[in-house]
Amino acid sequence: MDKRFIAECEREALHLSGAIQAHGALLICDERRQVTHWSHNLPEFLPDAGPLSPGCPLPQALAAVLDRSVAQGSPRQQFDQVLGRPDSLPLDVTLIRGTHGQLLFELSHGEDADTLHTPPPSQPPASPSGNRPPSLAGLAAQQQALVEQVFALSGFQRVLYYHFRDDGDGEVLAEQHCPDNYGSYLGLRFPASDIPQIARQLYLLNPWRLISDASAPAVALTGLPEPPDLSRSDLRSVSPIHAIYMSNMGVRASLSFPITVAGQLWGLLTCHDTRVRHPPVATLATLAGMVRAHGMQVTATLAQHRMQLVDGLMRRFTPASEIVHRAGSLLAAWPELGVWLGEEFSVDSAQICLGEEQAHWGEGLEAEALAAIDHWFVRTHSDPVWMADSLSRQMPLFPLSQVAGVLAFKARLPDGRFLRVYLGRLEYIHEVAWGGNPDKPVEYHDGQLGIAPRRSFEKWVEKCVGRCRPWGNETRLLALRLRELLLGLAQHERPV
């Protein structure tokens, strides 16, 4: 991945674009109800607003909406079908409480003119598991059920369940699309740079992100010279880079809902369409509630699984203690203990360094490789546990070795000796199916050289070499428990 493209994406001040999408209008005032900014198209949605200028009073119609709001409630409140005149379409108004007392009024017509829309039910459909958190195996079925429900209610041509992996990349775990909608993204992986961190933070602040028409020109804001903070505004204009990305993908409208787990962005429920789309706010709120409820169930499932894992750790590591006690010392037990570690952690080798003494099992690090990693890990790595799936890429000046990745941990004993353990995995040559070549092309735009989104999202298979099988999500927790156990056992041994 070209780091210039990632840096270019992260530099985009998305929340300070000073413009909005054309399917709505925006007016902003301060805590004194004095107008600070408004969009050029405001008269199209609110003809009675009259001439505006910075510092003028909030228009009467919006002041009435503010009077109906709950001051200490949610940062977002929806008011459906208000402000409509007899000769105009009704309006949906969203009141957003921004930073520093800022109040944002988003206005839009509550319609979807391009597509017949099925009205949402009064309550979101019940999940397949009811109120009980599903098992890890049951999550896949629930993900697919959620995708199908959103597909039926939203009217979008394609709905994807997009999960963020631990390495930052995304992967499509579930999908539903119209029969005539070309291709499938199910099982494909997308590089982390497709959704930069600055965009991920904005997803955490908002219940949804609607791009009604990525090809439509943005509408500028006017008012005070300093651009307002649009972090919580769904009308915020589309990033030029993202607009190119959508065009290359053959998508004109998109709708994304954040899937949050324990306060972190775990994934996205994303809808795509080749047509202009603008669902009513009531529909968006219903769909957001369904996705939010799903995120709570995922949180409960993962928490339950972690509790079961923690509760079983003592029993799980009992054989290791018995092996050491039987052998009389940690080093003497290592040949047998290594076999147990190989099975428990699915590794090809286990090497221990206790002070100046060493013991090993399996096809491990060669002498030069062990010396290099031991010197680097002890002296420069601050974390007591380290996982690497590609030593050649992740460790500076790592020599050629049969071991591709390691799970390593260290601890200092009371007598001053250092305990280090290296569990190694050999190279695992495998293929990764990407949604297009993840390396971004270098192109000229307006005479300037820049990094552009890829043009094709056809399945692109990469053969991965120099890596081991990936370490699982539970590995760090298991390594910490093993570190604690071996540290306790080593403390009872006298140094040679």
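**Hairpins, sheet and core**

Mentor: Start with a turn: in the hairpin of strand 7 and strand 8, five residues lie between the strands, and G168 there takes a positive phi near 95°. Helices (H or I, at least four residues) and strands (E, at least two) are DSSP runs, numbered from the N terminus.

Trainee: Before we go on, where does the model come from, and how are residues numbered?

Mentor: This is a predicted model, in which local features need pLDDT of at least 70, side-chain atom pairs count only at pLDDT 80 or more, and totals for chains, interfaces and linings use all residues. Residues are numbered from 1 along each chain as its sequence is written, and side-chain values use heavy atoms, with hydrogens and water left out.

Trainee: What about strand 8 and strand 9?

Mentor: Strand 8 also pairs with strand 9 (residues 189-190), antiparallel, over two bridges. G170 stands opposite F190 in strand 9.

Trainee: New topic. What is the strand order in the open sheet of five strands?

Mentor: The order is 15-14-18-17-16, with antiparallel pairing. Strand 15 (357-362) and strand 16 (385-388) are the edge strands, each pairing on one side only. On average, neighbouring strands of this sheet are turned by 10° against each other, direction ignored.

Trainee: Which helix packs on that sheet, touching strand 15?

Mentor: Helix 10 does, and it also touches strand 14, strand 17 and strand 18. The direction of helix 10 makes about 50° with that of strand 15. Axes are lines fitted to C-alpha atoms, for helices over the stretch in contact, and angles run from 0 to 180 degrees between N-to-C directions. Contact means heavy atoms within 4.5 Å.

Trainee: And helix 13, which strands does it lie across?

Mentor: Strand 14, strand 16, strand 17 and strand 18. Helix 13 runs at about 45° to strand 17.

Trainee: Is strand 17 mostly covered or uncovered?

Mentor: Mostly covered: nine of the 10 residues of strand 17 are buried. Buried means under 20% relative accessible area, exposed over 50%, partly exposed in between (1.4 Å probe, protein chains only).

Trainee: How is strand 17 joined to strand 16 and strand 18?

Mentor: Four bridges join strand 16 to strand 17, antiparallel. V385 stands opposite F409 in strand 17, and A388 has V406 as its bridge partner. Nine bridges join strand 17 to strand 18, again antiparallel, with V403 opposite L426. Strand 17 and strand 18 form a hairpin with five residues between them, and G416 in the turn has a positive phi of about 100°.

Trainee: Now the helices. How do helix 9 and helix 10 pack?

Mentor: Helix 9 (residues 318-327) and helix 10 (residues 334-345) pack at about 170°, with axes 9 Å apart. So helix 9 is roughly antiparallel to helix 10 (under 35 degrees is roughly parallel, over 145 roughly antiparallel, 65 to 115 roughly perpendicular, the rest oblique).

Trainee: Which residues make the contact?

Mentor: P319, A320, I323, V324 and R326 of helix 9, with E336, L337 and W340 of helix 10.

Trainee: What does L337 touch, leaving aside neighbours within four places in sequence?

Mentor: L337 is in contact with A320, I323, V324, L330 and L486.

Trainee: Which residues touch the most other members of the largest nonpolar core?

Mentor: W334, L337, L341, F345, L423, L482 and L486, out of 39 residues. A nonpolar core is a set of buried Ala, Val, Leu, Ile, Met, Phe, Trp, Tyr and Cys residues joined through side-chain atoms within 4.5 Å. Elements giving two or more residues to this core include helix 9, helix 10 and strand 14 (349-354). Helix 13 gives the most, with nine residues. Apart from this core lies another, of 28 residues, among them L146, F156, I259 and W266.

Trainee: Last one. Is T36 buried or exposed?

Mentor: T36 counts as buried because its relative accessibility is 12%. T36 is found in strand 3 (residues 35-39).

Trainee: And the whole chain, how many helices and strands?

Mentor: The protein chain has 13 helices and 22 strands. Of its 496 residues, 50% count as buried.

Note on methods:
Two strands pair if DSSP finds at least two bridges between them.
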